[in-house]
Amino acid sequence: MTTGASTALRSYIERARKVLQHEQHTNHQDQAVKPGGLEAFVKRWLDEIGPVCHASGRDLRPFYRLASCLEGYRQQDPMQRAANLRAALALLNELEREQGPVAERQPPVAGPARSGSNQSKAASAGPALPSASPGRLSQPAGGGSEARGVPEPTAASPSAHSGPQPAISRREGGHADRGERERLEDEPEDQITLDSRSSPGHAALTLLTTDVSAIHGVGPTVATRLHSLGIRTVGDLLFYFPREHRDYSKLLNIAELPFDEVVTTRGLIWEVKTSRTSSGRTRTVATLSDGTGRLSAVWFNQPYLQKQLSEARGEWLVVTGVKQRFGNKVTFTVRSHELPEKGELLNTGILVPIYSLTEGLPARTMRRLTRWVVDRYAALIPDHLPATIRQAAGLLPLSEAVAQMHYPANEELLAAARRRLAFDELFLIQLGMQERRARWQRELASGQAFKVDLARIFVEPSEAERQAVQATAAEQEASAQEAQDAQTTPGTTLWAPLADQRPFEATLPFRFTAAQRRVLCEILGDLSRSQPMCRLLQGDVGSGKTAVAAAALFVAALNGYQGAIMAPTEILAEQHARSIGAMLAPFGIRTVLLTGGLRPRERSLGRAAIESGEAAVAIGTHALIQDDVTFQRLGLVIIDEQHRFGVEQREALRQKGYHPHMLVMTATPIPRTLALTLYGDLDLSVIDQLPPGRQKVITRWRTGARREEAYRLIEQQIAEGRQAFIICPLVDESESLSARAVTAEYERLSREVFPHRRLGLLHGGMKPAEKDTVMRRFRDHELDILVATSVVEVGIDVPNATVMVIEDADRFGLSQLHQFRGRVGRGAHQSYCYVLSADAGAQARERLAIFQETDDGFKLAEHDLRLRGPGDFIGVRQSGMPELRIADFNDTRLIEETRTLAARLWASDPYLRRPEHAALREHLSRFWQAFIPH
């Protein structure tokens, strides 16, 4: 490229940099360029720079890559804009460096400088120079770090704890795989060059976002294997943390290994044999010994291990797996194994990181790569947490936490690093919830304030309940005016005079429990305010959520507004229409059902009633959100079993009204700390009390061999006119799983066990219309036994069903088992639940024992969280939650701490607009950008 072309390009780059920096200084308002904003400027800039690049033979692709960073800039929120602007500026820095004077661009040397004279020459030449393979990372050599403006990690830096920097030209011990040999032999130490004018932030961004193939020793083969683990950049590798750390000198001896537990041990390899089983699988057995005993370690369908382990005969092998007894033989089924380094085995106190790997990527290779990037680049990681938050929570700096998470100096620093990284995840989730709540309140600042008269709800409202529901004077006045406009005479609704002047509670065949009254007051307090309600109502099976929802709909009708309930299935919608319709009928309030299964004429009449306002309450499925459904005055939206709906579907129903109040309900009890995290953007109400007089379901845990006992009970109950459920975990039979499949079980039961009874089959693979037909037949007692999968988990109300049999119960969580059990015991007859499990392990046996003794859904949820983790509960929230890699939802104290600090920070600086919070704002945007907003 000529000097003139280089100068011209440099002037264009400088002009773009000034514009982007001005946009930064004006808080990303897209006001730096008028008219058209930043996107229009970039388009014109590309049009102008194109001929210059074409004339000089310059590749335009880097410039287009910069433009892609700013696509859709005007539609982005401030946090997204800030992150993309930083990326664009970093690319500008790279482009400018490539336009340097010819004198600065020395030809590459044949290899890395090793002597002091060579190093001094390189240092005196000015900025670091690109080498034979531009874009490769290496440890900065003598003086180059200072020239580039990148601080070199010192002995006092966090990475100093990780020990000496490893050699990278050869694998330890002389063992090298093919992927490593490609790049490690006879290759110069290349490096990414950073201009001396780069700020530390830009330098860090450039380094951490560099492709992982730029790391010395990572060729195409190793890069592909790293990509399969989700590692594409240097930053990805730094944040690819070990799943555990081991001090190999403290593993269990072979003689101490317990049965039926996942444990780790080590032994010298004595003998390796591979054979084929009768089913055609290969079986590799290695005999290990450690001086205390011998162990037969077994692998299936991994014949390549014969050669690998035979070559390592006489060396130590570390294995993780389960010790089991089969007849007179004891074997150890291996889940993972490793040939550790000798130094790792001998040195007590060394915590060796154990990474999740992929085929062809040995553990020692991964450790060498992570050690290399940690030693050189962990110190460059910018810390997004403000100093005030770090001090308040007593946290390590992020760079030190990352270094200690990989190669900790001791157990205490490992715990501190884990706490810092876990805090970050939970804190960002809590900030995201604060943003969701603030966005909801900002977008829906003025809704409809309902007039609430507790004397129309409760038989004897207390003064405390009246105080709880009291709204502000201004809202009450506005509400009274709305009510006056909507109602022509006292005691009427928009639709008809009230047929019954008694309180709502007085018309019910029961009285509200204390928990129902408390929750109703919370909901009615929200309804009395102009701020639209956004509340989650959760309650155990049979706790009375439907009656609470009906009371809220009653208040909406009294204020001249319509209400809508959306249920996930037609069966559940029909149940709500019958029960809620019966509760509201005494007051002359009409309820209509709208589902896809209705005849065209019925659907047309229902839509007309909703549009004209003749119907005060609409209950239905997805049919409610169709374009042809129009509400006259929608004021309250209720979503039942909300996790069955997507975000767009919930929003579509809310858009049918003008800022309506919204209540979402779930029958899945969620531990409080988890609810505060998963639903931190919602107000939370919990019905934690069951109505008096409800019979306890008798629960029995039996081994699979004793299922005949359950079959006899089913036969007895059917003879008395009752019905039964039988639940299986699988739809079809599986070669890899021994669990019972519902299709095969249905055929077997129909043919061999209950040939004279009426059986039905229900599973998720059936069409919705087929499932609804089967459920209606079971509800109407046209079937005696329903053989089903977990599709019956929620929302099915068949009071005549008295027996629930759950096959392979160890495959379900406690909360899910509790939902199954809740399908029976809904009538006047004694009900039973049998949980059958033939192959339950130690933890599964503990779960089933707890289930047999406990019928409190919230206590079971706490046990489930402790034993199985949060996976089942996170699935309940479909609106999108970031995956936790370090944090633990069982850590109640840390969850409470992050929630408190996030609320305090958001209250002091909503949307994190202050300059000192810019890094946190950008990091928060990147953390949440892959997930759906609520």
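How many contacts beyond four places in sequence does the model have for residues 472-477?

**View 1. Residues 472-477 have 7 contacts beyond four places in sequence.** A contact means heavy atoms within 4.5 Å. Over this stretch pLDDT, the predictor's confidence in each residue from 0 to 100, stays under 50. Residues 875-880 also have a pLDDT below 50. Beyond near neighbours in sequence, residues 875-880 have 27 contacts in the model.

**View 2. The whole protein is a predicted model with 33 helices and 20 strands.** Helices (H or I, at least four residues) and strands (E, at least two) are DSSP runs, numbered from the N terminus. The average pLDDT is 78, and 77% of the residues score at least 70. Of the 934 residues, 53% count as buried, meaning under 20% relative accessible area with a 1.4 Å probe, protein chains only.

**View 3. D540 sits in the loop between β8 (534-539) and α20 (545-558).** D540 is buried but has no salt bridge, that is, a side-chain nitrogen of Lys or Arg within 4 Å of a carboxyl oxygen of Asp or Glu. K545, the nearest side chain of opposite charge, is 7.4 Å away.

**Notes.** Residues are numbered from 1 along each chain as its sequence is written, and side-chain values use heavy atoms, without hydrogens and water. Local features need pLDDT of at least 70, side-chain atom pairs count only at pLDDT 80 or more, and totals for chains, interfaces and linings use all residues.

Note on methods:
Buried means under 20% relative accessible area, exposed over 50%, partly exposed in between (1.4 Å probe, protein chains only). Lys and Arg count as positive and Asp and Glu as negative; His and the chain ends are not counted.
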